[in-house]
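Subject: Structure handover

Hi there,

My notes on what turned up in it follow below, so please read them with the coordinates open.

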Number of protein chains: 2
Amino acid sequence: MNNIQIGILGYGNLGRGVELAISQQPDMELTAIFTRRNPAEIQPSLSGVPIYNVKDVLNFKNSIDVMILCGGSSTDLDSQSPAFASHFNIVDSFDTHPEIPRHFKSVNTSALLTNHTAIVSAGWDPGLFSINRLLAESILPLGHSYTFWGKGVSQGHSDALRRIEGVANAIQYTIPLESAMEAVRRGDGPAFTPRQMHTRECYVALLPDADPDTVRDQIVHMPSYFADYDTTVHFVSQEELQENHYAMPHGGFIQRSGTTGSDQENCHIYEFSLKLDSNPQFTANVLACYARSAYRLAAEGSYGAKTVLEIPPAYLSSRSIEQLRAEIL
Amino acid sequence: MNNIQIGILGYGNLGRGVELAISQQPDMELTAIFTRRNPAEIQPSLSGVPIYNVKDVLNFKNSIDVMILCGGSSTDLDSQSPAFASHFNIVDSFDTHPEIPRHFKSVNTSALLTNHTAIVSAGWDPGLFSINRLLAESILPLGHSYTFWGKGVSQGHSDALRRIEGVANAIQYTIPLESAMEAVRRGDGPAFTPRQMHTRECYVALLPDADPDTVRDQIVHMPSYFADYDTTVHFVSQEELQENHYAMPHGGFIQRSGTTGSDQENCHIYEFSLKLDSNPQFTANVLACYARSAYRLAAEGSYGAKTVLEIPPAYLSSRSIEQLRAEIL
């Protein structure tokens, strides 16, 4: 059997993650990486992978089975996913939750017209977290659902810090409160304020003349981003920020408590969690598996846009369904 | 839209659980319960549910959309599932892992001949645990997988206790070792002996003339069941056993640690857990959702046997796929 031929579009942290992810999968092969930059100036992580400018991508229409789109949701995927779904089977990690139905629709139209399969919004949230929210809520209709994030770097909150006058660079960690998760695990079905679920920890490098107290004040009172949370601000040097806060850990918890019984006397706790040293590398590993499922769906003529909620789990595995029934079930 | 019409075959703990489970689902209705006992002697948990002897079941071929089979794997399902799949769409919870491929094949043959959909081995293990094993191993190909069970009652181990001479009744709890799970969460990828993963706790009521020391000795040295574990034996009265050990809690943990990065320098921990006050009631809630998916698969002409690994998560939910994309993803 031939390996599944994969293309990568966009070579940032996620694209580099996908390059490594493909090398872990026994039935997949990286055909080429495409970038908007000058390919001559880019060094792939693994030797021997060809890099091309994106203007050459249509030459690969017949040699790439699935293109994994590794750009950002608002900056890139919004336009790239519908455009590329006209020429390739694709997988993207579009993660702007309220925009997903609109994105789905535009990708679906484009993919259906040209008989391609396009998996949108894969990753872990949206992605694995969505699958678990769905399973938990379907199985335990009477209950309470919770999503906790972290400990991890929130890109949006870090960006908000960087926009403050006097801030040279900054990183924000979202931290789930163990006490809140324990209350869920006891089956209390608590109602939380934002402050009761997460704390926010900021590492900020200041510009030379900035006043720490003014900056701290602006941070902790910033509406919606920080004002509703217990926020800690640490001032550090640019060097320390680079050295100790360069990694991109993340993760989180999906919890649901639900009841059964003639008097709802029995409580059940459903919990799913991820603890990730590298958010982009783990996301990349998820995308690689959904590329496999895109390949299989396309092979059986199941075209159009799909989300992780619509794909049988078995399609993610390199093993045959007979093996899975015997070895995994 | 009409509600999905459900039948229950077998009215023990699981059947009673399904009766309650259906009442939690907005789009399902319990048509009838079928039993091998005398229906006149059975009181349903919910008022107004008709109970029939199983000999009348074929009269309901056209009024029941999905029959949920609530018998035991070896005693009932082995023969019932293939037989009933000739006349109904069915769901079962066949859980004898090594026998699943054989069971699948016989149910598949019978369902395909008559255009029915049959979901076999649904529940939580096999079931939700299998889905998570598959996802975790597919996404993190380089890693280590672990399944911990408990705290919960093991029926097989309880039965083994009851077969010992001098034992009137007994219950065995399987307890996962927190220290082992913590080692997995640290990303150590440890290799465990059985003793390092679980302990076993036995509550035993003796017959009048039995010698406690002799019985304890037989328990803790019983090969494969107890000899490889740290086993504690508590002698209690029959009354205490009835009063304090009648509930059927269970649960467990699926853990996988895996690495990514050019030097496998990043570690990721994937964890799924259930903590269940009532094993049969939670299993019943899972079966209800898979009955919904059997109904939908049959409606679209997807006949034959299926397992949880082959079913898109969205098919378990009462919500439409458009709602799920907007609300859950």
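Let me start with a strand pairing in chain B: the bridge partner of B:Tyr203 in S11(B) is B:His234. Please keep in mind throughout that this is a predicted model. The pairing here is between strand S10 (residues 198–206) of chain B and S11(B), which run in the parallel sense and share 6 bridges. Both belong to an open sheet of 4 strands in chain B, ordered S8-S9-S10-S11, with mixed pairing. At the edges of that sheet stand strand S8 (152–153) and strand S11 (230–235) of chain B; each has a single partner strand, so one side of each is left without a neighbour in the sheet.

The peptide bond joining B:Gly150 and B:Lys151 is cis, with omega about -5°. B:Lys151 sits in the loop between strand S7 (143–149) and S8 of chain B. Chain B also has a cis peptide bond from B:Asp125 to B:Pro126, where omega is near 5°. In that case the loop that holds B:Pro126 runs between strand S6 (117–119) and H4 of chain B.

Now to chain A. What does its secondary structure consist of? Chain A has 11 helices and 14 strands. Its radius of gyration is 22 Å, close to the 20 Å that the globule rule gives for 329 residues, so chain A is as compact as a globular protein of that length. Along the principal axes, the C-alpha atoms of chain A fill a box of roughly 65 × 60 × 35 Å.

One backbone detail in chain A may interest you: A:Asn115 is not a glycine, yet its phi is positive, about 55°. You will find A:Asn115 in the loop between H3 and strand S6 (117–119) of chain A.

On charged pairs, a search of the whole structure gives 30 salt bridges over all chains. One of them joins A:Asp78 to A:Arg102, with the closest N and O atoms 3.0 Å apart. This pair links distant parts of the chain, since A:Asp78 is in helix H2 (residues 73–84) and A:Arg102 is in helix H3 (residues 100–113) of chain A, 24 residues apart.

That leaves the interface. How many residues does each chain bring to the contact? Chain B gives 65 residues and chain A gives 65 residues. The area buried between the two chains is about 5,600 Å², and carbon and sulfur atoms account for 63% of it. On the chain B side, B:Ile139, B:Arg325 and B:Leu329 supply 14% of the area that chain B buries against chain A, more than any other three residues.

The rule finds 4 salt bridges across the interface of chain B and chain A. B:Arg319 makes a salt bridge with A:Glu137, and there the closest N and O atoms are 2.5 Å apart. Elements giving two or more residues to the chain B side include helix H1 (13–24), helix H4 (128–139), strand S12 (250–260) and helix H10 (279–299) of chain B. The largest share of that side, 11 residues, comes from S13(B). By type, the residues on the side of chain B that touches chain A divide into 34 nonpolar, 20 polar and 11 charged.

Finally, which strands pair across the two chains? Strand S13 (residues 266–276) of chain A pairs with S13(B) in the antiparallel sense over 9 bridges. Within that pairing, A:Leu274 stands opposite B:Tyr270.

Happy to talk any of this through once you have had a look.

Best wishes

Methods. Residues are numbered from 1 along each chain as its sequence is written. Chains are lettered from A and ligands numbered from 1 in the order in which they are written. This is a predicted model: local features need pLDDT of at least 70, side-chain atom pairs count only at pLDDT 80 or more; totals for chains, interfaces and linings use all residues. Side-chain values use heavy atoms; hydrogens and water are left out. Contact means heavy atoms within 4.5 Å. Buried area is the accessible area (1.4 Å probe) that two parts lose on being put together, summed over both. A salt bridge is a side-chain nitrogen of Lys or Arg within 4 Å of a carboxyl oxygen of Asp or Glu. Ala, Val, Leu, Ile, Met, Phe, Trp, Tyr, Cys and Pro count as nonpolar, Asp, Glu, Lys and Arg as charged, and the others, Gly among them, as polar. Two strands pair if DSSP finds at least two bridges between them. The radius of gyration is taken over C-alpha atoms; the globule rule is 2.2 Å times the number of residues to the power 0.38.
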